[in-house]
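Please examine the structure shown here.

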Amino acid sequence: MNEWTGVILAAGQGTRMKSNLPKTLHTVCGKPLIGHVADVMRAAGAHRVVAVVSPAIAEMPELKAAIGDDVAIAIQTEALGTADALESARQAVGNATTLVVAAGDMALLRHESISDLVSTHEQSGSLLSVLTATVDDPQGFGRIVRDESGAIEAIVEEVDTDADQKLICEMNTGLYCLQVPWSWDELENLAISSVGEKFLTDLVAVAASSGKASTTSVQDVSEAIGVNNRIQLAEVEQAMRDRIRRGHMLAGVTIRDPQTTYIDADVEIGRDTELLPGNHIRSGTRIGADCIIGPNSILKDCVIGEGATIISSHVEGAEVGAGNSVGPFSRIRKCTYIESGAYVGNFAEIKNSRIGSGTHVGHFSYVGDTELGEDVNIGAGTVTANFDGVNKHRTVIGDRAKIGSDTVIVAPVNIGADASTGAGSVVNRDVAAGETVVGVPAKLIAQRSGSKHRTEAD
Ligand code: UD1
Ligand code: CA
């Protein structure tokens, strides 16, 4: 296959979405529509990709995040139709000779369909080739009109169809392969359509008139769903979710109840991991092999080590070490690192903290901005009071310390290794290694033999 350049048309107004957000930035399975199209272009082997967008979207940081830095941006100043959109990419495209043009709302397009189209285009020596689909309800889509021999003659847009053409079930998916510079010359000559826009689809009749238009068809009709409104957005999301789940299952992940399992597009899951019903596994998550997730866990932007169990818990922006168990009903928040061998039980909230190996946070606790050493025991009801109303402060607890039930640690506080706090203590000063403190505020009652005695006035 020769080198080809991908062009994504995404400068339309997306009026039918009735949204303040540009259509192609609406997400499906955690990723904007245009991001899915950029991915499939790369997967099919595009030499370069250009996205045509409106001046307003070009300014939005979400755009770059969605398409990646390797995709060039071209601007269509006014939404004057799909033909005008392609013309707007001319400079950015440079001197490529083959273009693959896709609408920015074709999130379900498969890379195999692009490759098929490009090879048919090249083998047939066509000027223009179109990917089509035969569907039950083609309403709203451009219809494929063929002559008696079955060759494509034209694409007729819904607004221009006559009664017979309305019955045609073969539709234009919005994916084209084009020869340039032929296309640039002919685009200039296209007439303005009945709705005042220049239709890229009108180029088909021009190529067909010299016998140089061809078609291929999708393998999977869901590929043909372009997102124009929120109903189609939901249809695409459902079809994509199904595709994602099947991909994981075929790669060795057990999904007990696919219908209640939601997995975003860029999630990684290791072999023999079992997903119980009701999980939401959102973008940026990497789960190791042999884990048990759920029921009813929510994971986002996190790393779950091999063999870990996450029961009915919420983990976001955190890392849970191999073999660990979290939950039920705990919330692990951003910048938390739970080392392998630690244990987090029920009703714990942990934020911006490191939990050492062998450490237990077994029962309802808040641990925030805290460094917990190894083999620490955090008693039920322990709270790190990390916020003084203005600033956040850190708590540091050394190895083997025992924090009694219902201890409140008023940060900043350092609790040394092997220290203990009594049940119900309010600790507002540092506790040295080996010391035991109790009360409100906590006072020293014992110390490790050999260390200097401290008085209450200390
Ligand atoms: C288009 C096709 C139709 C096809 C359908 C498949 C045309 C005229 N019609 O119709 O044959 O069946 O897709 O889903 O092409 N865009 C621009 N600038 C514009 C107008 C549109 O960049 O001025 C972009 C849009 O952002 C969108 C894509 O082109 O990503 C297609 O436009 P859209 O309005 O969705 O076209 P459809 O009416 O769906
Ligand atoms: Ca569309």
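How many nonpolar, polar and charged residues does the lining of the largest pocket have? By class, that lining has 16 nonpolar, 17 polar and six charged residues, where Ala, Val, Leu, Ile, Met, Phe, Trp, Tyr, Cys and Pro count as nonpolar, Asp, Glu, Lys and Arg as charged, and the others, Gly among them, as polar. This is a predicted model, in which local features need pLDDT of at least 70, side-chain atom pairs count only at pLDDT 80 or more, and totals for chains, interfaces and linings use all residues. Residues are numbered from 1 along each chain as its sequence is written.

**Largest pocket**
- A pocket is an open set of points on a 1 Å grid over the protein atoms alone, where a 1.4 Å probe fits, with protein on both sides within 12 Å along at least five of seven lines; lining residues have an atom within 4 Å of a point.
- Among the 39 residues that line the largest pocket, Arg16, Lys23, Thr82, Glu197 and Asn228 are the closest to its centre.
- Strand S10 (170-179) is one of the elements that give two or more residues to this lining, and S10 provides the largest share, four residues; strands (E, at least two residues) and helices (H or I, at least four) are DSSP runs, numbered from the N terminus.

**Second largest pocket**
- The second largest pocket has a volume of about 480 Å³.
- Of its 19 lining residues, His36, Leu109, Met240, Arg243 and Ile244 are the closest to its centre.
- Helix H10 (230-250) gives the most to this lining, with five residues.

How values were computed. Chains are lettered from A and ligands numbered from 1 in the order in which they are written. Side-chain values use heavy atoms; hydrogens and water are left out. Grid points are joined across faces, edges and corners, and a volume is the space filled by probe spheres set on the points.
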